[in-house]
Amino acid sequence: MSEKLILRPRIFGNFCTVSHPAGCFANVREQAIRAAGAHRQKPGGTALVLGSSMGYGLSARITAAFGYGMDTLGVALLHPSQRRRPAGGGWYNTAALHRLATEAGLHASTINGDCFSRETLEHTLQRVAEELGPLDYLIYSVAAPRRVDPDTGVEYRSSLKVLGDPVTCPTLDWRTGELGSMEFEPGTEEEVAGTVGVMGGDDLARWTRELLKRNLLAEDARVVAFSYIGPSVTHAIYRDGCIGQAKKHLESTCHQLNKELSEVVGGSCHAVVAKSVVTQSSLAIPSITLYISMVMKIMKQQGVHEDTLDQMIRLFGDHLAPEREPQPDEAGRIRIDDLEMAESVQREIVSRWSHLDTLDPAVDCDLEGFREDFLRIFGFGVEGVDYEEPQPLWVPLCGPPDRGTTGTRIFHGRPLVEGV
């Protein structure tokens, strides 16, 4: 019997060390209901989602499954509960998706492993062949601070640095509402290369070409990977910095893979430029916090705010659904950041950014909305959840044994989870 505890958020820096199982379930269920309501036709299909447990990856998987009736396989690095510590939010999100998919009559399974490793790749390809057959979709949403190249053994580490001269950027402590500043040092060639090695397109190319090699991509298969451009006010630290070089490499890789997929299976590969949202990845970039809270306020005022699920519903509905054709920009990218980058929004951003000395975050930024989105990542602040109710820390990913699941087995030190 799993121990039950009343769980409260425990925040250190930009991370919450406690996740709430009931809150995560309610959050995933709410997204599933919204995705199902957005599309009446459910043509089916198959999708592999790399980085499937949180953020855009989770919302993409939810949209594919509950919006279009797809059978899905996810790959993510999940952290189970240990002693009196709850599991990570990704674990509880995945358990919720498995349960809801089973209730909806859909196949959903998840491999718990490092997407960068050769072992995880080989195991996933085997599972794709056994469970899904040739894939209609490959969705790449992997975010990590480091990567070991499985072929060379070289370890790459990403750097949050700029190019050229040092840059001082404004910051916002979203917990207190206090403005500050931070100086970013120029990155060396090695640090740029390391960031590209982690966040660039090499791993996407590895997965895509292995799937092609083994005939595991269906005719007209769609491959997408998430990127970001953002506004001019953040370009120094993001688009023009080390991270931006990695994103440009990812976009260039997608362009090359698009040619290969078109020739081999008549398919496509596009980088998807999404809008800024509150995620664990975005919180790692100090000046982006100020921008996100500011643009949230403006977009809500203009009635065009979107969260990760809204973005994924629009991505599929306008570009990826079986009856749709991707509509890329001149650089071959699918742009779903158009509402954020609209002139009316960015004009207001530039105006507020140019008067930071008189900026009042309580008025000019959506601090409350930012905090709500942050806590929701970990299952807190979700409507309808009784946070005074003790929670079981252990939640099985696969459901009870009498539902035909096969449990968990160990694979190179990490559990590879057999799905529902």
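# A first look at Thr-124 and its surroundings

Not counting residues up to four places away in sequence, Thr-124 touches Leu-48, Leu-73, Val-75, Ile-111 and Trp-207, where contact means heavy atoms within 4.5 Å. Welcome to a predicted model, in which local features need pLDDT of at least 70, side-chain atom pairs count only at pLDDT 80 or more, and totals for chains, interfaces and linings use all residues. Residues are numbered from 1 along each chain as its sequence is written, and side-chain values use heavy atoms, with hydrogens and water left out.

- Thr-124 sits in helix H4, residues 118-132; helices (H or I, at least four residues) and strands (E, at least two) are DSSP runs, numbered from the N terminus.
- Thr-124 counts as buried because its relative accessibility is 0%; buried means under 20% relative accessible area, exposed over 50%, and partly exposed in between, with a 1.4 Å probe and protein chains only.
- Two packed helices are described by the angle between their axes and the distance between the axes.
- For H4 and helix H6 (residues 202-213), the axes come within 11 Å and cross at roughly 35°; axes are lines fitted to C-alpha atoms, for helices over the stretch in contact, and angles run from 0 to 180 degrees between N-to-C directions.
- The crossing of H4 and H6 is right-handed, a term used if the near helix is turned clockwise from the far one by less than a right angle, with anticlockwise being left-handed.
- On the H4 side, Arg-118, Thr-120, Leu-121, Thr-124 and Leu-125 meet Arg-206, Trp-207, Glu-210 and Leu-211 of H6.
- The residues of this contact between H4 and H6 divide into four nonpolar, two polar and three charged; Ala, Val, Leu, Ile, Met, Phe, Trp, Tyr, Cys and Pro count as nonpolar, Asp, Glu, Lys and Arg as charged, and the others, Gly among them, as polar.

**The nonpolar cores**

- In soluble globular proteins, nonpolar side chains tend to be buried together.
- The largest nonpolar core has 50 residues, and Val-278 and Met-294 touch the most other members; such a core is a set of buried Ala, Val, Leu, Ile, Met, Phe, Trp, Tyr and Cys residues joined through side-chain atoms within 4.5 Å.
- Elements giving two or more residues to this core are helices H1 (21-38), H3 (89-103), H8 (286-301), H10 (343-353) and H12 (367-377), along with strand E10 (167-173).
- With nine residues, H8 gives the most to this core.
- Apart from this core lies another, of 31 residues, with Leu-73, Leu-121, Leu-212 and Leu-261 among them.
- Setting aside residues up to four places away in sequence, Val-278 touches Leu-283, Ile-292, Met-296, Phe-370, Asp-373, Phe-374 and Ile-377.

- Helix H9 (residues 308-320) is largely enclosed by the rest of the structure, because 11 of its 13 residues are buried.
- Among the buried residues of H9 are Thr-308, Gln-311, Arg-314, Phe-316 and His-319.
- The cover over the buried residues of H9 includes H1, helix H2 (55-68) and strands E7 (135-140), E12 (217-227), E13 (268-273) and E14 (334-335).
- At the start of H9, a side-chain oxygen of Asp-307 reaches to within 3.1 Å of the backbone nitrogen of Leu-309.
- Arg-324 lies in the loop between H9 and E14, and it counts as partly exposed because its relative accessibility is 39%.
- Leaving aside neighbours within four places in sequence, Arg-324 is in contact with Arg-222, Phe-316, Gly-317, Asp-318 and His-319.

**Loop residues to look up**

- Arg-83 is found in the loop between strand E5 (71-76) and H3, and its phi is near 50°, a positive value in a residue other than glycine.
- Arg-83 counts as exposed, at 81% relative accessibility.
- Asn-215 lies in the loop between H6 and E12, and phi of Asn-215 is near 60°, a positive value in a residue other than glycine.
- Asn-215 is exposed, with a relative accessible area of 60%.
- Pro-134 belongs to the loop between H4 and E7 and counts as partly exposed at 43% relative accessibility.
- Beyond its neighbours within four places in sequence, Pro-134 is in contact with Thr-46, Asn-215, Leu-216, Leu-217 and Ala-218.

Note on methods. A polar contact is a pair of N or O atoms within 3.5 Å; within protein, one must be able to donate a hydrogen and the other to accept it, and residues adjacent in sequence count only if both atoms are side-chain atoms.
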